[in-house]
Amino acid sequence: MSQNDIPNSENNLNRLENLIKLAQKAGADQADAVFFASQSESVSWRLGKMEEVERSESNDLGLRVIIGKQQAIVSSSDLGEDNLKMLVDRAISMARNAPEDPWCGLADKTLLARDIPADLDLYDNTKVTTDLLKEKARETEELALQVDGITNSQGAGAGTSASSIALCNSDGFAQTYRASSFSLSVSVIAGSGTGMERDYSYSSKRHLEDLETPEKIAREATERALRRLNPRKVKTTQVPVVYDPRVSKTLVSHLASAINGQSIARGTSFLKESMDKQILPHGIRIVDDPHIFRGVSSRPFDGEGVANSKMDVVSDGVLRNWILDSASARQLGLKTNGHASRGTSSPPHPSSSNLYLEAGSQSPEELIADIKSGFYVTELIGMGVNGITGDYSRGASGFWIENGKITYPVNEITIAGNLKDMFLALTAASDLELKYGTDAPTLRIEKMILAGN
């Protein structure tokens, strides 16, 4: 099976447009429909042998109908004409029996995307064979196992996927686009007996040529695992905490959850009263940009067909925008800002795209240079974050900072604080890399509680 030959067919749009017409004839005041076609293949390789090959193909359609202030969503993978008629009948019946939702409805038609960006380059039609995936995974693990001190492997993996997304609504919006993804990873073990330590490296890109090489993936994973050997414990204390970029992005994710329009509308966010207020230090900017060239989370329009564009979430430390779809925006007396996501079996909901905290002026080395004693976090465990209060408590491991230098590894630590206080005590380094879809450079929090021995 070769990947990334998924069609971007006008037939999908025609099917959706006909489905919406059927829904309107059956009594829908408004309707929208979405179609996802996808293909994927992945290879798992461990200790010189292929463990498994996974392949999947799917075609999924979702229809939403709105009658007055009642709505219903139905989905199916059966695209036959008879089934689509049954789908419409079921959706209409469900909507007529659904409770009223005062905030439901299509997006304001004046906000729909008319000029679709054509230069995002989200799709790579390179033909990727199973043999190529095997070779990349094999080479990555082999290079890692050649490193002195690496004693075992949890395996390497390589994968590719391609998808086609089509969206139509009864206000005349009808657009489609394609996206691809390529990935490579390895996880290795250093040491032996009770002194073993594990770490990994991973790369995911829209285009195969942008994927990090097996050499780089193997080198990063082995260096990280070897550095973690012989960890020490530390006593409970209060010190500066520095987040490696692999984990600093989680702080941006917590902020994104706190400013999600649904959380704000429900009043279940610790930032619900923070619009136009200082939530981060002066100079800090957080941006959501759905139009990054080859971006991991780029999209030419949002899940309701609304035009999207680069948006300041935070500028100069001040909160400027919620992350909104149409329903949450109506509930808050606002307009959507093009951040709806959509599946086939549920209504649109707000979500970020390429969200990142901009780089600061100091290098990571300069950021920690004045720390006499501190903690450099490389891994977080558990989900001890309260979105209502902002209370934060997570298991962590990493390295001790001593006299401005990263020294020995430490583990079995819990770091705790409150996100409101943490955000206001944040300093950003200059090493931002747009890698995960939600990203941040190395971040320093001036003071947190460390619970150790």
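**Sheet and salt bridges**

At 39% relative accessibility, Lys 233 counts as partly exposed (buried is under 20% relative accessible area, exposed over 50%, partly exposed in between, with a 1.4 Å probe and protein chains only). This is a predicted model, where local features need pLDDT of at least 70, side-chain atom pairs count only at pLDDT 80 or more, and totals for chains, interfaces and linings use all residues. Residues are numbered from 1 along each chain as its sequence is written, and side-chain values use heavy atoms, leaving out hydrogens and water.

**Salt bridges**
- Lys 233 forms a salt bridge with Glu 412, with the closest N and O atoms 3.9 Å apart (a side-chain nitrogen of Lys or Arg within 4 Å of a carboxyl oxygen of Asp or Glu).
- That pair links distant parts of the chain, 179 residues apart: Glu 412 is in strand β16 and Lys 233 in the loop between α4 and β7 (helices are DSSP runs of H or I with at least four residues, strands runs of E with at least two, numbered from the N terminus).
- Glu 412 is exposed, at 57% relative accessible area.
- Glu 379 and Arg 198 also form a salt bridge, their closest N and O atoms being 2.9 Å apart.

- Six strands form an open sheet in the order β3-β2-β1-β4-β5-β6, with antiparallel pairing (two strands pair if DSSP finds at least two bridges between them).
- Its edge strands are β3 (70–76) and β6 (197–205), each pairing on one side only.
- Antiparallel strands β5 and β6 are joined by 9 bridges.
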